[in-house]
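Please view the structure first.

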Amino acid sequence: MIENILLLSLVGCLIGLFTGLIPGVHTNTLAVLILPTYSYFGISPLGASVIISSIMAAHIFSSFIPAALLG
């Protein structure tokens, strides 16, 4: 169980890094795509919330890079 949560958190961090580095892609866009499809991939509701939370945390920390370069 805990290994599954850590793996989902790592996946969420990688996706959040992607959303933070690419301007125009936001976490809310991916949350809308993740929520209807989490049961299709066999992920529990807790796992979907872990993915979305880690996406948001990684997005916050990585979004300053394009803001500094493009801003």
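Axes here are lines fitted to C-alpha atoms, for helices over the stretch in contact, and angles run from 0 to 180 degrees between N-to-C directions. The model is predicted. Two packed helices are described by the angle between their axes and the distance between the axes. The table gives both values for two helix pairs.

| Helix pair | Axis angle | Axis distance |
|---|---|---|
| α1 (residues 2-21) and α3 (residues 45-62) | roughly 40° | within 7 Å |
| α2 (residues 27-37) and α3 | about 165° | 10 Å |

**α2 against α3**

Helix α2 packs on α3 at about 165°. Angles over 145 degrees count as roughly antiparallel. Therefore α2 and α3 are roughly antiparallel to each other. Their crossing is right-handed. From α2, the contact draws on Thr27, Asn28, Ala31, Ile34 and Leu35. From α3 come Ile51, Ile52, Ile55, Met56 and His59. By class, the residues of this α2–α3 contact are seven nonpolar, three polar and no charged.

**α1 against α3**

The axes of α1 and α3 cross at roughly 40°. That makes α1 oblique to α3. α1 passes α3 in a right-handed crossing. On the α1 side, the contact is made by Ile5, Leu8, Ser9, Gly12, Cys13, Ile15, Gly16, Leu17, Thr19, Gly20 and Leu21. On the α3 side, the residues are Leu46, Gly47, Val50, Ile51, Ser54, Ile55, Ala58, His59 and Ser62. The residues of the α1–α3 contact divide into 11 nonpolar, nine polar and no charged.

**Ser62**

Ser62 is found in helix α3. Is Ser62 buried or exposed? Its relative accessibility is 5%, so Ser62 counts as buried. The cut-off for buried is under 20% relative accessible area. Leaving aside residues up to four places away in sequence, Ser62 touches Gly16, Leu17, Gly20 and Leu21.

**Aromatic pairing**

A pair of aromatic rings is described by the distance of the centres and the angle of the planes. How many aromatic pairs does the count come to? The count is one aromatic pair. The rings are those of Tyr40 and Phe41, with centres 5.3 Å apart. Their planes lie at 75°, so the pair is edge-to-face. Planes over 60 degrees apart meet that label. Both Tyr40 and Phe41 are exposed, whereas Ser62 is buried.

Notes:
Residues numbered from 1 in each chain as written. Predicted model: local features only at pLDDT ≥ 70, side-chain atom pairs only at ≥ 80, totals over all residues. Heavy atoms only, no water. Helix = DSSP H or I, 4+ residues; strand = E, 2+ residues; numbered from the N terminus. Parallel < 35°, antiparallel > 145°, perpendicular 65-115°, else oblique. Left-handed = near helix turned anticlockwise from the far one by under 90°. Contact = heavy atoms within 4.5 Å. Nonpolar A, V, L, I, M, F, W, Y, C, P; charged D, E, K, R; others polar. Buried < 20%, exposed > 50% of the residue type's maximum accessible area, 1.4 Å probe, protein only. Phe/Tyr/Trp six-rings, centres within 6.5 Å; stacked < 30°, edge-to-face > 60°.
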